[in-house]
Amino acid sequence: MSILPTIQFAAPVLPSSGVLVLLAGKDGALPPGLPEGVRGAAERAASLGKFKGKSLSFAETIAPADSGLDKILLVGTASSEPLGEEDWLKLGGAIAGKLNGATQATIWTEGASAAPGAREAATIGLGLLLRAYKFDRYKSKKSKDGEDETPDTALAVTIALADAQGAQAQFETLESVGEGVRLARDLVNEPANVLTTTEYASRIEALGATGLEIEILDETRLRELKMFALLGVSQGSPTPPRLCIMRWNGGAEGEAPVAFVGKGVVFDTGGVSIKPAGGMEDMKGDMGGSAAVVGLMRALAGRKAKVNAIGVVGLVENAVDGLAQRPGDIVTAMSGTTIEVINTDAEGRLVLADTLWYTQERFKPRFMVNLATLTGAIIVALGNQHAGLFSNNDELANRLLAAGLETGEKVWRMPLGKDYDKMIEGKFADIKNVGNGRSAGSITAAQFLQRFVNDVPWAHLDVAGTAMGSPSNEYNQSWASGFGVRLLNRLVEEHYEAR
Ligand code: BES
Ligand code: MN
Ligand code: ZN
């Protein structure tokens with residue numbers, strides 16, 4: 001695996017070795033107080049490179065010999081709008097990309113258009129960490145040829161700013177968030193022959209070491225609980241179903257928890273309604289919703305969040321064999337609702353039906369947010385740029401929309417309503433697991449979920465387009481993005497934690 005950079009914060013004292021990274025403002029404005037030789041070299045690099053300080057633009061040059069430095073790297077921060085969390089993250093990520101092969105670097109923050117405070121500087125650090133993530137566990141030859149590939153050298157970065165102590169403290173919190181994102185990416189990137197349901201459950205169990213309380217329900221227990229919607233999906237696979245519950249009790253005793261629920265289909269063949277071969281390998285990521293929940297819980301525990309939170313993930317494989325569920329089968333969900341399985345490939349909603357119902361029955365949460373790679377239709381509607389947001393509660397929906405804009409994990413609200421709900425009325429059972437043909441496919445899927453939330457404030461995030469396969473950016477170069485961890489961490493931090 002890639003070696004993560006080590007990151008520390010220090011008061012601004014000019015270094016005499018390594019790479020000097022200078023944040024520059026509008027028109028390439030440089031920070032005050034630079035030694036003449038360094039300033040001169042930086043100015044020449046800027047003018048030769050037509051560097052105007054525009055956000056995320058670069059210029060670089062060899063440092064003057066008497067400075068002891070290797071290289072000077074100018075990074076623009078000028079933008080017409082104030083920089084938000086995602087901009088600082090991108091800045092850190094972009095810098096990490098440019099430090100390819102360096103062993104030591106100092107990021108000099110004073111020249112930025114608006115010099116970063118403690119939180120912003122720490123976010124630059126998180127960007128460095130997230131950019132360094134690489135899933136190369138199964139490459140027997142580690143990257144030598146690819147140009148873009150970051151070699152596995154240890155890089156020590158110092159971020160220089162006045163409030164170094166404050167930034168260090170903020171960074172300790174954000175490091176946990178980074179751990180959560182990296183865990184989510186790892187789980188999604190793992191192939192399904194490695195990450196079976198049982199292997200997934202034992203990785204969750206291992207998170208007990210972070211202070212999370214873990215409970216794992218096996219097939220016998222799921223039968224006792226009458227989760228026949230979830231069990232039906234799983235019955236064609238040799239890897240057995242699991243329901244995993246993660247609890248973080250960082251809030252006041254007795255206070256109702258917030259709850260996060262995830263679809264954890266470790267592989268989705270489609271079942272008897274089998275998927276076409278092209279691109280089916282991507283269905284190893286059909287547990288992306290659950291991975292975000294696991295990553296979030298890891299983050300909350302790591303940063304000792306002052307909240308009571310529950311994470312519940314339903315783990316199954318949607319495989320196909322002689323025992324697999326058939327189209328036309330009728331199953332009774334834990335709630336008592338009967339479901340006609342028209343298409344065995346609409347399996348995520350069957351898993352979530354029982355997982356959501358169980359979560360609200362047992363934990364009586366303040367709200368539930370579920371994440372699921374639920375429909376191809378959400379990719380048709382929103383591409384890889386937004387996750388679909390469906391909610392029965394405007395306050396929760398608006399908080400998620402705002403957290404999305406701040407973190408760059410953007411969501412877009414889609415409608416729910418009686419007329420869509422009618423589309424899943426069953427012919428032989430209470431409801432059926434698909435709507436009418438292809439129309440409003442993501443909405444009818446959400447309507448299906450809503451049947452199992454029992455009026456608890458709820459939001460469903462359809463992350464089929466954002467959990468994996470989104471174009472790489474400054475802070476993510478991996479197929480799996482870890483989408484949802486930073487978004488929900490922000491939601492919790494902003495609205496549900498005691499201060
Ligand atoms: N896991 C898929 C959705 C998906 C598609 C996720 C592409 C990521 C990328 C889901 O289980 C599924 O197969 N949905 C069907 C529903 C249909 C049968 C009503 C779909 O979207 O085609
Ligand atoms: Mn499916
Ligand atoms: Zn699926």
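Predicted model: local features only at pLDDT ≥ 70, side-chain atom pairs only at ≥ 80, totals over all residues.
Residues are numbered from 1 along each chain as its sequence is written, chains are lettered from A and ligands numbered from 1 in the order in which they are written, and side-chain values use heavy atoms, with hydrogens and water left out.

Let us begin with the zinc ion (ligand 3). Its protein donors are Lys263 through NZ, Asp268 and Asp286 through OD, and Glu347 through OE, at 2.0 to 2.4 Å. Donors here are N, O and S atoms within 2.8 Å of the metal (3.2 Å for Na, K and Ca), and as water is not among the atoms, sites may look incomplete. Around the zinc ion (ligand 3), 6 donor atoms subtend angles of 78 to 175 degrees, and the arrangement is therefore octahedral. For reference, four donors count as tetrahedral if all angles lie between 85 and 135 degrees; four count as square planar and six as octahedral if opposite donors are over 155 degrees apart and all others between 65 and 115; anything else is irregular. Ideal angles for six octahedral donors are 90 or 180 degrees.

Along the chain, the zinc donors follow the spacing K-x4-D-x17-D-x60-E. Asp286 sits in the loop between strand E9 (258-268) and helix H8 (288-302), while Glu347 sits in the loop between strand E12 (338-340) and helix H9 (348-363), so this pair ties together parts that are 61 residues apart in sequence. Helices (H or I, at least four residues) and strands (E, at least two) are DSSP runs, numbered from the N terminus. Asp286 is buried at a relative accessible area of 2%, and Glu347 is buried at 1%. Buried means under 20% relative accessible area, exposed over 50%, and partly exposed in between, with a 1.4 Å probe and protein chains only.

Lys263 deserves a moment of its own. This residue belongs to strand E9 and counts as buried at 1% relative accessibility. The side chains of Lys263 and Asp286 are joined by a polar contact of 3.2 Å. A polar contact is a pair of N or O atoms within 3.5 Å; within protein, one must be able to donate a hydrogen and the other to accept it, and residues adjacent in sequence count only if both atoms are side-chain atoms.

What coordinates the manganese ion (ligand 2)? Asp268 (OD), Asp345 (both O and OD) and Glu347 (OE) do so, at 2.0 to 2.2 Å. Its 6 donor atoms make angles of 71 to 168 degrees, and this site is irregular. The donor residues of the manganese ion (ligand 2) are spaced D-x76-D-x1-E. Asp268 bridges the manganese ion (ligand 2) and the zinc ion (ligand 3), which are 3.2 Å apart. Asp268 in strand E9 and Glu347 in the loop between E12 and H9 link distant parts of the chain, 79 residues apart.

Ligand 1 comes next, with 17 residues surrounding it; the closest are Lys275, Asp286, Asp345, Glu347 and Gly376. A residue is near a molecule if one of its heavy atoms lies within 4 Å of it. An N or O atom in the Glu347 side chain is 2.8 Å from an oxygen atom of ligand 1. From the backbone, an N or O atom of Gly376 lies 2.7 Å from an oxygen atom of ligand 1, and one of Leu374 lies 3.5 Å from a nitrogen atom of the ligand. Taken alone, ligand 1 exposes 520 Å², and the protein buries 76% of that, with accessible areas from the Shrake-Rupley method and a 1.4 Å probe; for residues, only the protein chains shown count as cover.

Of the 16 residues in H9, 14 are buried. Lys364 is not a glycine, yet its phi is positive, near 40 degrees, and at 54% relative accessibility Lys364 counts as exposed. In strand E13 itself lies Asn370, buried with a relative accessible area of 0%. A polar contact of 3.0 Å joins the Asn370 side chain to that of His460.
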